[in-house]
Structures are given as C-alpha cells and as structure tokens.
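Subject: Structure handover

Hello,

Please find below the structure I am passing on to you. My notes on it follow.

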Amino acid sequence: MATLTPFTACDLLKINETNLDVLTENYELEYYLQYLLKWPSLVFKTETPDSEVIGYMLGKSEGVNLDWHSHISAVTVSKNYRRLGIGKLLVDQLVVSSEAEEQNCYFMDLYVRTTNAVAVRMYKNMGFSTFRRVVNYYASSDDAFDMRLPLRRDTKKTCLKRGKHTAEERMLTYDYKRLQ
Ligand SMILES: CC(C)(COP(=O)(O)OP(=O)(O)OC[C@H]1O[C@@H](n2cnc3c(N)ncnc32)[C@H](O)[C@@H]1OP(=O)(O)O)[C@@H](O)C(=O)NCCC(=O)NCCS
C-alpha cells in the first residue's frame with residue numbers, strides 16, 4: 001500500500017532509491033528546498049507504511065495571465081514499485097492541486113525526453129498533448145516534447161492553440177550557450 005503525503009526537507013535524505021535512475025532528474029539540494037518553500041502544495045511523495053519514499057512529484061506554478069500554469073519539474077517512481085499506478089496517482093494529484101483555488105492554473109506542462117516512451121505514453125493516456133518539440137533541450141543533446149494538459153479553467157483549451165503556430169514554428173532550438 002502506498003500513501004500520498006506532503007514532501008518534507010527530511011525526505012531529501014530518502015530519495016536515493018528513486019533518484020538512482022537515468023531518466024530521473026537530479027538537482028542540487030537548494031533546488032529542492034526552493035520548491036518546498038515556494039510551492040508546498042505542488043510537492044508531495046508516495047511512501048510505504050514503513051516510510052520508504054517510493055515516488056514523488058516536484059511541481060511549481062509560474063506565468064502570467066493566460067500563461068499561468070503548473071509545471072512538472074520532476075516525477076519519478078522507484079523501480080521496484082513501477083507499473084502499479086503510482087506515477088498516474090502523482091500526476092492526478094498535481095492536477096487536483098493545480099485546479100484548487102490557491103493555484104487555479106489554466107494548464108499544466110512538462111518537458112520529457114522524446115525517447116522516454118513510457119513517460120510519453122503515460123502523459124498521452126492522461127490527456128496531455130505535444131505542444132512542440134524542443135531541439136537539444138537536455139544537456140545530453142536529447143530533444144524534449146513540451147507537453148500540455150488544459151485544466152478546468154481553460155474551458156476553450158486555448159493553451160494548445162495560442163499563437164497559431166505551424167508545426168515547424170513549434171520546433172524550438174534550445175540554445176544553452178545563450179543561457180550561460
Ligand atoms: C514514468 C513513471 C513515473 C511512470 O510511473 P509508474 O508508476 O510506473 O506508472 P503507472 O503505473 O501509473 O502507469 C501509468 C501509465 O504509464 C504507462 N506505462 C507505465 N509503465 C509502462 C511500461 N513499462 N510500458 C508501457 N507503458 C507504461 C502506461 O500508459 C500506464 O498506464 P496503464 O497501466 O493504464 O497502461 C516511471 O516509469 C518513472 O519513474 N520513470 C523514470 C522517471 C521518468 O521518466 N519521469 C518522467 C520524466 S518527465
């Protein structure tokens with residue numbers, strides 16, 4: 001049995017099992033603490049009855065006006081507990097928190113490696129659409145799909161249409177040098 005509970009700073013000492021995984025993003029300690037301070041309702045975990053962390057969601061909210069949205073910075077499930085519905089549970093909970101009055105976001109988005117077939121399939125099955133492909137998004141030069149899920153507030157699903165981009169215009173090149 002897995003329980004969904006808030007993520008605390010002490011849980012950072014228990015995420016080796018989930019993070020020792022090539023597809024799981026690993027960040028510096030300050031990065032996680034920033035999320036806990038700024039977006040406590042968008043950061044949570046699943047744990048076993050003996051308090052083993054077996055999955056977590058690291059989410060945030062950002063943007064202005066119609067671009068106000070929540071973002072999945074990391075979601076992961078420990079290898080021994082995959083394919084049991086925990087990943088879906090974590091994403092479903094972020095939808096609930098993002099639609100709650102405190103956040104009231106228009107949509108949810110995320111970046112995922114185009115080669116991460118399992119995660120892409122999970123998101124598509126949960127109603128996410130590929131908004132654009134971002135070339136060289138990852139430091140490894142992998143491309144990312146920028147995927148979006150309209151939330152209840154975005155009644156006309158404008159987050160998927162805004163800008164009337166053609167498919168080619170939606171191919172964005174992520175320029176690391178420009179950001180350094
Ligand atoms: C992606 C991840 C979070 C899914 O977690 P999970 O608990 O195994 O997922 P669930 O059991 O909730 O499955 C949800 C859906 O994902 C897809 N899926 C999950 N595992 C799959 C597999 N081995 N093969 C094919 N599809 C799979 C299915 O569509 C599944 O729905 P279904 O069971 O109704 O068919 C997990 O594989 C993981 O931690 N991966 C490494 C980190 C990662 O890639 N994170 C996403 C980065 S954006």
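A crossover is called right-handed if, with the strands pointing away from the viewer, the path from the first strand over the helix to the second runs clockwise. Helices (H or I, at least four residues) and strands (E, at least two) are DSSP runs, numbered from the N terminus. By that convention, strand 4, helix 3 and strand 5 make a right-handed β-α-β unit.

Two points on the source. The model is predicted: local features need pLDDT of at least 70, side-chain atom pairs count only at pLDDT 80 or more, and totals for chains, interfaces and linings use all residues. Residues are numbered from 1 along each chain as its sequence is written.

Strand pairing
Two strands pair if DSSP finds at least two bridges between them. Strand 4 is joined to strand 5 by 4 bridges, and the two run parallel; Ile72 has Leu110 in strand 5 as its bridge partner. With strand 3, strand 4 pairs in the antiparallel sense over 8 bridges. There, Glu62 stands opposite His69 in strand 4. Strands 3 and 4 form a hairpin with 6 residues between them, and Gly63 in the turn has a positive phi of about 100°. Asn65 sits in the loop between these strands and has a positive phi of about 50° although it is not a glycine.

Burial
A residue is buried if 20 or more other C-beta atoms, placed from the backbone, lie within 10 Å of its own, exposed if 12 or fewer, and partly exposed in between. Asn65 counts as exposed because it has 6 C-beta neighbours inside 10 Å.

Nonpolar core
A nonpolar core is a set of buried Ala, Val, Leu, Ile, Met, Phe, Trp, Tyr and Cys residues joined through C-beta atoms within 7 Å. The largest has 35 residues, of which Val43, Tyr56, Met57, Leu94 and Phe107 touch the most other members. Strand 3 gives the most to this core, with 5 residues.

Ligand shell
Of the 21 residues around the ligand, Leu23, Arg82, Gly87, Lys88 and Met122 come nearest. Helix 4 (117-125) supplies at least two residues of the shell, as do strand 4, helix 3 and strand 5; helix 4 gives the most, with 5 residues.

Regards

Definitions and conventions: Near = placed C-beta within 6 Å.
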